[in-house]
Amino acid sequence: MSILKTVTPVSHDLGSFEVRRAVPSAECRMVGPFVFVDQFGPAQLALGEGMDVRPHPHINLATVTWLFEGAIDHRDSLGSFSTIHPGTVNLMTAGSGIVHSERSPASERASGPKLHGMQTWLALPDGREEIDPAFEAVSDLPVIEDGGAMARIIMGAVWGARAPTTTYAETIYAEIMLQPGGAIPIEAEADERAVMLVGGDATLDSEPLTLFDLIVLRPGEAMTLRSEHGGRAMLLGGEAFATRRYVWWNFVSSDRERIEQAKAEWREGTFARVPGDEEEFIPLPEV
């Protein structure tokens with residue numbers, strides 16, 4: 001059996017769209033450096049509506065935003081501004097601390113925004129958790145096409161090609177599109193790997209996959225992802241972390257006291273503000 005465990009995500013209905021969270025969960029705390037895995041949509045918002053995630057802080061992690069459809073305006077306390085579109089990966093490195101917001105662009109609101117994609121967080125490795133904050137948007141990503149499959153490598157090296165996106169630990173992240181009858185090998189090199197079917201149908205070594213379940217793969221085993229009618233899947237993983245990561249709200253760290261410090265700083269308003277989005281913020285949760 002190639003499957004180590006199956007994680008059924010917890011769904012959160014946000015009114016206009018649904019978010020499915022697979023990591024962290026009781027069954028799976030991390031997959032490689034991935035300490036947070038959300039899938040959202042597909043959704044079509046009403047005319048004039050939009051997604052508005054007000055400014056909020058992060059520490060000791062990097063956020064990775066990947067869209068299948070739609071657009072999101074990203075702003076952060078470094079002064080970065082980027083409109084995320086499908087085919088471009090947004091990597092925001094929080095390191096010692098950053099604040100950002102995510103909102104539907106005005107141009108999307110007029111026609112009713114579409115939202116469909118992935119939001120993941122990467123824990124930063126030991127010794128690098130407090131690096132300087134940074135931001136990059138990368139569009140020049142390698143594409144592999146073979147056997148009725150097309151894969152875009154978002155981060156790391158897979159199938160003999162490497163994405164130019166910055167990595168802090170060994171990381172693999174790719175979107176796989178399968179045509180009817182298409183297949184692609186899932187390589188065995190990474191310490192930890194998982195696959196999530198996000199559209200259509202697929203099997204992994206003849207085992208049918210359930211939509212949105214995160215399938216954690218047995219280490220060291222090569223296998224084949226195949227689709228009868230066509231499908232879309234995400235492959236993610238990388239090096240196993242020896243040190244536990246704690247997650248509280250938007251903070252991730254190997255040190256509980258560092259999280260307490262970040263909570264106090266956000267409560268006291270000492271984090272930097274987001275230029276162009278300074279009027280609103282998300283308060284620190286009570287629990």
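At the start of helix 2, the backbone nitrogen of Glu257 has a side-chain oxygen of Asp255 within 2.9 Å. Such a polar contact is a pair of N or O atoms within 3.5 Å; within protein, one must be able to donate a hydrogen and the other to accept it, and residues adjacent in sequence count only if both atoms are side-chain atoms. The model is predicted, so local features need pLDDT of at least 70 and side-chain atom pairs count only at pLDDT 80 or more, while totals for chains, interfaces and linings use all residues. Residues are numbered from 1 along each chain as its sequence is written, and side-chain values use heavy atoms, with hydrogens and water left out.

Helices (H or I, at least four residues) and strands (E, at least two) are DSSP runs, numbered from the N terminus. Helix 2 covers residues 256-268, and its 13 residues should span 18 Å at 1.5 Å a residue; the end C-alpha atoms lie 19 Å apart, which agrees. The expected span is 1.5 Å times one less than the number of residues. Just after helix 2, Gly269 has a positive phi of about 75 degrees.

Which residues of helix 2 are buried? They are Arg258, Ile259, Ala262, Lys263 and Trp266. Seen down the helix axis, the buried residues fall within an arc of 145 degrees, so they line one face of helix 2. The arc is taken from the directions from the helix axis to the C-beta atoms. An α-helix has 3.6 residues a turn, so residues three or four places apart point the same way. Buried here means under 20% relative accessible area, exposed means over 50%, and partly exposed lies in between (1.4 Å probe, protein chains only). On the other side of helix 2, the exposed residues are Glu257, Arg267 and Glu268. The cover over the buried residues includes strand 5 (52-58), strand 10 (98-103), strand 25 (246-248) and strand 26 (251-253).

Arg258 pairs with Glu130, with the closest N and O atoms 2.5 Å apart. This pair joins distant parts of the chain, 128 residues apart: Arg258 is in helix 2, and Glu130 is in the loop between strand 11 and strand 12. Arg258 has 9% relative accessibility and therefore counts as buried, whereas Glu130, at 40%, is partly exposed.

A second salt bridge, between Arg245 and Glu129, has an N to O distance of 3.4 Å. Here too distant parts of the chain are linked, 116 residues apart: Arg245 sits in the loop between strand 24 (231-238) and strand 25, and Glu129 in the loop between strand 11 (114-123) and strand 12 (134-138). Arg245 is buried at 5% relative accessible area, and Glu129 is buried at 10%.

Elsewhere, Arg20 forms a salt bridge with Glu18, the closest N and O atoms being 3.5 Å apart. Arg20 counts as buried at 11% relative accessibility, and Glu18 as partly exposed at 32%. A network of salt bridges links Asp52, Arg103, Arg109, Asp277 and Glu280. The whole structure has 13 salt bridges.

The nonpolar residues come next. In soluble globular proteins, nonpolar side chains tend to be buried together. A nonpolar core is a set of buried Ala, Val, Leu, Ile, Met, Phe, Trp, Tyr and Cys residues joined through side-chain atoms within 4.5 Å. The largest one has 56 residues, and Tyr173, Leu214 and Leu225 have the most contacts inside it. Apart from this core lies another, of 12 residues, among them Met30, Val35, Met92 and Trp121. Contact means heavy atoms within 4.5 Å. Not counting residues up to four places away in sequence, the residues that Tyr173 touches include Phe34, Trp66, Met118, Arg152 and Met234.

Met196 lies in strand 19 (residues 192-200) and is buried, at 1% relative accessible area. Beyond its neighbours within four places in sequence, Met196 is in contact with residues including Ala22, Val37, Met118, Leu214 and Met234. The C-alpha atoms of Met196 and Thr6 are 9.9 Å apart, although the two are 190 residues apart along the chain.

Ser82, in strand 8 (residues 81-84), is buried at 10% relative accessible area. Ala110, by contrast, is exposed at 62% relative accessibility, and lies in the loop between helix 1 (106-109) and strand 11.

Key. Salt bridge = Lys/Arg side-chain N within 4 Å of Asp/Glu carboxyl O.
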